[in-house]
Structure formats: structure tokens, C-alpha cells
Amino acid sequence: MRFLLLLPCLSGLQGCYEIGPTRLDRDQSDYSRALTSSGKQQTLLNVVRLRYADTPGFLDTTQMISGYQLQRNLSVGIGTYSLASRPYGGAGMQVQESPTFTFQPVTGDAYAQSILRPLPPGNLLPLAMGGLPIDVLFRLAVQSINLISNAGSLGGDVGRGSPVFFDLIYDLRLLQLAGLLGIQLERSPTASATDKDGAADRVFLSIASTDDPDLAQVVHDTRRLLGMAQDDERVEVVYGGGRPRRGQIRLLTRTVLGVLGQIAYQIDVPEEDITSGRTRPTIRLVGRETRPIVVIHVTKERPEAVFSWTNYNHKFYWIADDDFDSKLAFTMLQILLELSKTSKGPNTIVTIPANG
């Protein structure tokens, strides 16, 4: 009788455990955090590599598979040599996880399209429509507005850029906060139906008038710096450098490699690395904005409580977790990297089974 009572209990235990529903929430959150963290580390490492004239490398995670194997066993026995023998039984269960990650190096045509192609204004400016600070966005991704130059990675007086550039993006941010700055996209009539990269979109920037005396002065100064007539409220934004035609603003955008290089040469590296010739002197900005876009610290000990960190040549490079401005700019850099990615990929794929 005891054996008969034990058997259905063991059978019920065998079928009551389900892997999928219990693991979905935890796995989705854990892998999402790991993927984001590894992406930040790769970006920071590439920035540091460029600071020392080292070759950057990009590796995309194209697939993550987390497979589980559930092994169950059930054993039941009955003693036969004694009337006092009792039935015995047992049930066991083992869960084995076998994650597989697939990486794809960014090379060839994918590298040229994603890393070396200037960011189209039709892809860049809508980010400001979504609420991202336009001053940080322009500091990262724009080299010049008309004839007004941003800081570059060349160093010297040329690399410092024009102080007027920082005055202009500061005013644009004020107008954005006041709701007086607008971005409009219009599909070009000559664009093909399959063109989805934003290059064929016509981009317009509008600056509304206001009765507020303080903001009215900002509107006046911004229109003047952009070469707009004071009665114009909307101009077209086109890609390129130099002097624009009437009714246009020429926006010379950077490549992703240029964005990374700009951040790289603002790292305040140890003086011995400069005097030894391993890297160039740090770019010192002038004008209204003298703070680097992203403040990256360098120490010989591994830091604690950081936003992101990486190690290179026996040193640790990191972004402080309590530096909101640097974290925001670095997050926007990650967004630009994702925005620049292309669906065209090389044939080389590296798959690493990670059996724990």
C-alpha cells in the first residue's frame, strides 16, 4: 500500500516543473544587461585605442541562444528478502544551461557604411526631435555649421574649433528647451521607395518668434549666426561644408570614426604617455565650453561604482557613475553607433559555445 501511494506522488513531481516560463523573465533581463554592458566596454576601448593610434575593432553580437536541458529520473524498489522490507523510491532533476553567442566582425563594406560614412542630417536631427539635447548632439556629430567649426581631433589651434560654435549650440539648446526650435522631415519626390537610410529626406529647421524679450534676443542671435534673415522662420538643412545658399544651412556631419576620435583626443592621459611619444597632447577647448564631451578618467587601480570601464596597456579607463553629463553624451554615442549600423554583413562569423 505504501508503494502504491508513493508512485503517483513521484510521477506528479516529475511533470510539474517547467523551464520556459520560469526562466524567461530572468534570462531576458540578464542577457539584456550583459549585452548593453559589453557594448559600452567595446566602445570605450575603441576610444582609448584611437587615443594611442591603435586600430579600433568592432564585433557585433548577432545571435544569443540560451538552451536548457532538463534531465529527470525516477527510481522505485521493493525489498524481497524480508517481510519487514519496505518499498523505497526517489526522484531527481537536473537542469543544464548551454548558452551560445554568435559574433560578427564589422569589416569590408559593412565597416565603410557604418563607421566611415558621414551621418546623414536626415538621421541625425530627428534625435533632437525625440528630446536629446541638441547641443550635445552637435558637439558629438557635427564638424561645422556653415563656416563655423567645431573642435576637431587634429590638435593645435585648428583642433580647438571656433568659440562661436559653442555659443550657437548653447542658444539652440535654449530654444529647444523653450519649445521654439523645430525639426521637420519631408520626403524628397525623387527618393526611391526602398531608400530608408534618411539620405533622401529633406530636413528643415525652424526657429519660432516669441514675445519674451530674453528669448527674442536668443532668437535674433541664432538666426544671425545661421545666416538667416530675421523674418525667416524655417531653413533647409543640407549636408556639406562652406557657405550656404539663401534659405539653407550647411551641416558638415562626422563619421562614427570621427566622433570616436574627437572623444579620444580629449582624454586627459598621463603626461609620460605624451612626452614618450605614445600619443598626442590633449585637446584644450576654448570659449563657452571647455569641458570634454565625455570625461574619461585614467588610473592604475580598477575603479569602483563606475558607469563603464575598460583596461588598456596596464591602465584602467573609466567614466564615473555620478557624472551625468558624461553618461548622457556616452549614451548618445551608443545611439549614434546603433543608428549607423547597416544590415549588410561580412561572411565571417565566429560562434563560441559557452558550456558552463
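Residues are numbered from 1 along each chain as its sequence is written, and side-chain values use heavy atoms, with hydrogens and water left out. Because the model is predicted, local features need pLDDT of at least 70 and side-chain atom pairs count only at pLDDT 80 or more, while totals for chains, interfaces and linings use all residues.

Helices (H or I, at least four residues) and strands (E, at least two) are DSSP runs, numbered from the N terminus. Two strands pair if DSSP finds at least two bridges between them. By these criteria, 3 strands form an open antiparallel sheet in the order β9-β11-β10. Neighbouring strands are turned by 25 degrees against each other on average, direction ignored. Axes here are lines fitted to C-alpha atoms, for helices over the stretch in contact, and angles run from 0 to 180 degrees between N-to-C directions.

The pairing of β10 with β11 (residues 315–320) is antiparallel and spans 6 bridges. Within it, Trp 309 has Trp 318 of β11 as its bridge partner. Helix α12 (residues 324–340) packs on the sheet and touches both β10 and β11. Contact means heavy atoms within 4.5 Å. The direction of α12 makes about 100 degrees with that of β11.

Aromatic residues also link these elements. Rings of Phe, Tyr and Trp (its six-membered ring) pair if their centres lie within 6.5 Å; planes under 30 degrees apart count as stacked, over 60 as edge-to-face and the rest as tilted. The whole structure holds 6 aromatic pairs. In one of them, the ring centres of Phe 307 and Phe 330 are 6.2 Å apart and the planes lie at 90 degrees, so the pair is edge-to-face. Phe 307 belongs to β10 and Phe 330 to α12, so the pair ties together parts 23 residues apart in sequence. Both Phe 307 and Phe 330 are buried. Buried means under 20% relative accessible area, exposed over 50%, and partly exposed in between (1.4 Å probe, protein chains only). Elsewhere, Tyr 52, Tyr 312 and Tyr 317 form one aromatic cluster.

Thr 43 lies in helix α2 (residues 20–51). It counts as buried because its relative accessibility is 5%. Not counting residues up to four places away in sequence, Thr 43 touches Leu 260, Phe 330, Leu 333, Gln 334 and Leu 337. Its side chain makes a polar contact with that of Gln 334, at 2.5 Å. A polar contact is a pair of N or O atoms within 3.5 Å; within protein, one must be able to donate a hydrogen and the other to accept it, and residues adjacent in sequence count only if both atoms are side-chain atoms.

A nonpolar core is a set of buried Ala, Val, Leu, Ile, Met, Phe, Trp, Tyr and Cys residues joined through side-chain atoms within 4.5 Å. The largest has 72 residues, of which Phe 138, Ile 145 and Ile 296 touch the most other members. Helix α6 (residues 134–141) is mostly covered, with 7 of its 8 residues buried. Phe 138 is among those buried in α6. Beyond its neighbours within four places in sequence, Phe 138 contacts residues including Ile 145, Phe 165 and Leu 251.

Ile 145 pairs with Ile 148 of β4 as bridge partner. Strands β3 (residues 142–145) and β4 (residues 148–149) run antiparallel, joined by 2 bridges. They form a hairpin with 2 residues between them, and Asn 146 in the turn has a positive phi of about 55 degrees.
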